[in-house]
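This report covers a ligand site and a helix pair. The sequence and structure come before the details.

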Amino acid sequence: MKNILFIVGSLRKQSFNRQLAAMAEKMLVNKFNIQYLEFEDVPFMNQDLEANTPAPVVRVRKEILAADGIWIFTPEYNYSYPGLLKNLLDWLSRPMDISDFTNPTAVVGKKVTVSGAGGNNKTASCRAKLNELLEFMKMQVMTEPQTGIALGIEAWTKGEFNLTDEQVAMLKEQAEKFTAFVNA
Ligand SMILES: Cc1cc2nc3c(=O)[nH]c(=O)nc-3n(C[C@H](O)[C@H](O)[C@H](O)COP(=O)(O)O)c2cc1C
């Protein structure tokens, strides 16, 4: 079975995006091995650290290399992607062997897609900018379809994550198209 790596762009314990990932995971069960990339311990990018790659960076690169596909679930922060996700991607944009910039990165050519849950903008600005960044990093980005969720009032008032039938269908369609994309 091929491997799909899920990356959640929120560290919040009750993250709606992590709950969205859990729903997608159920849709992919028996089709792929699913792993979640935990990256809270990745330090801020600092070129001084690159000569002696920090252990968390070595670990996340290894997990990325083992993945046949990557699915990012992320909130929108100020009309863009969260800084913690950018920091992770900045590390992943660097050659694994920094002695020569023609050396490959861990993410080059990787198949990736994006979903997000947030406010009324349905994370559209975040996803547009993230798609552009992932393409700049020479990843193969499945931009259509992508699931954008405008969280309901009960999410903001009671912390409850509920999806409408239409939103579930959107996620299911993305899961099916991503399955075909990764298996192609
Ligand atoms: C720094 C910050 C900026 C935010 N900016 C936006 C925004 O531009 N658009 C939006 O829809 N929601 C925005 N939000 C609200 C998030 O969508 C909301 O907190 C969401 O629950 C975060 O996702 P999570 O539940 O996965 O942690 C922002 C939240 C934070 C903390």
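A polar contact is a pair of N or O atoms within 3.5 Å. That cut-off applies to the pair formed by Ser 15, where an N or O atom of the side chain is 2.6 Å from an oxygen atom of the ligand. The model is predicted.

For Arg 12 the distance from a polar side-chain atom to an oxygen atom of the ligand is 2.8 Å. For Asn 17 the corresponding distance to a ligand oxygen atom is 2.8 Å. The ligand on its own exposes 620 Å², of which the protein buries 72%.

## Shell around the ligand

The ligand is surrounded by 13 residues. Ser 10, Arg 12, Ser 15, Asn 17 and Gly 119 are the closest of them. Sorted by class, the shell holds five nonpolar, six polar and two charged residues.

## Helices H2 and H3

How do the axes of H2 and H3 cross, and at roughly what angle? Helix H2 spans residues 55-65 and helix H3 spans residues 83-92. Their axes come within 10 Å and cross at roughly 80°. Angles of 65 to 115 degrees count as roughly perpendicular, and H2 and H3 are therefore roughly perpendicular to each other.

On the H2 side, the contact is made by Val 57, Val 60, Arg 61 and Ile 64. H3 contributes Leu 88, Trp 91 and Leu 92. By class, the residues of this contact are six nonpolar, no polar and one charged.

Conventions
Residues are numbered from 1 along each chain as its sequence is written. This is a predicted model: local features need pLDDT of at least 70, side-chain atom pairs count only at pLDDT 80 or more; totals for chains, interfaces and linings use all residues. Side-chain values use heavy atoms; hydrogens and water are left out. A residue is near a molecule or strand if one of its heavy atoms lies within 4 Å of it. A polar contact is a pair of N or O atoms within 3.5 Å; within protein, one must be able to donate a hydrogen and the other to accept it, and residues adjacent in sequence count only if both atoms are side-chain atoms. Accessible areas come from the Shrake-Rupley method with a 1.4 Å probe; for residues, only the protein chains shown count as cover. Ala, Val, Leu, Ile, Met, Phe, Trp, Tyr, Cys and Pro count as nonpolar, Asp, Glu, Lys and Arg as charged, and the others, Gly among them, as polar. Axes are lines fitted to C-alpha atoms, for helices over the stretch in contact, and angles run from 0 to 180 degrees between N-to-C directions. Helices (H or I, at least four residues) and strands (E, at least two) are DSSP runs, numbered from the N terminus. Angles under 35 degrees count as roughly parallel, over 145 as roughly antiparallel, 65 to 115 as roughly perpendicular and the rest as oblique. Contact means heavy atoms within 4.5 Å.
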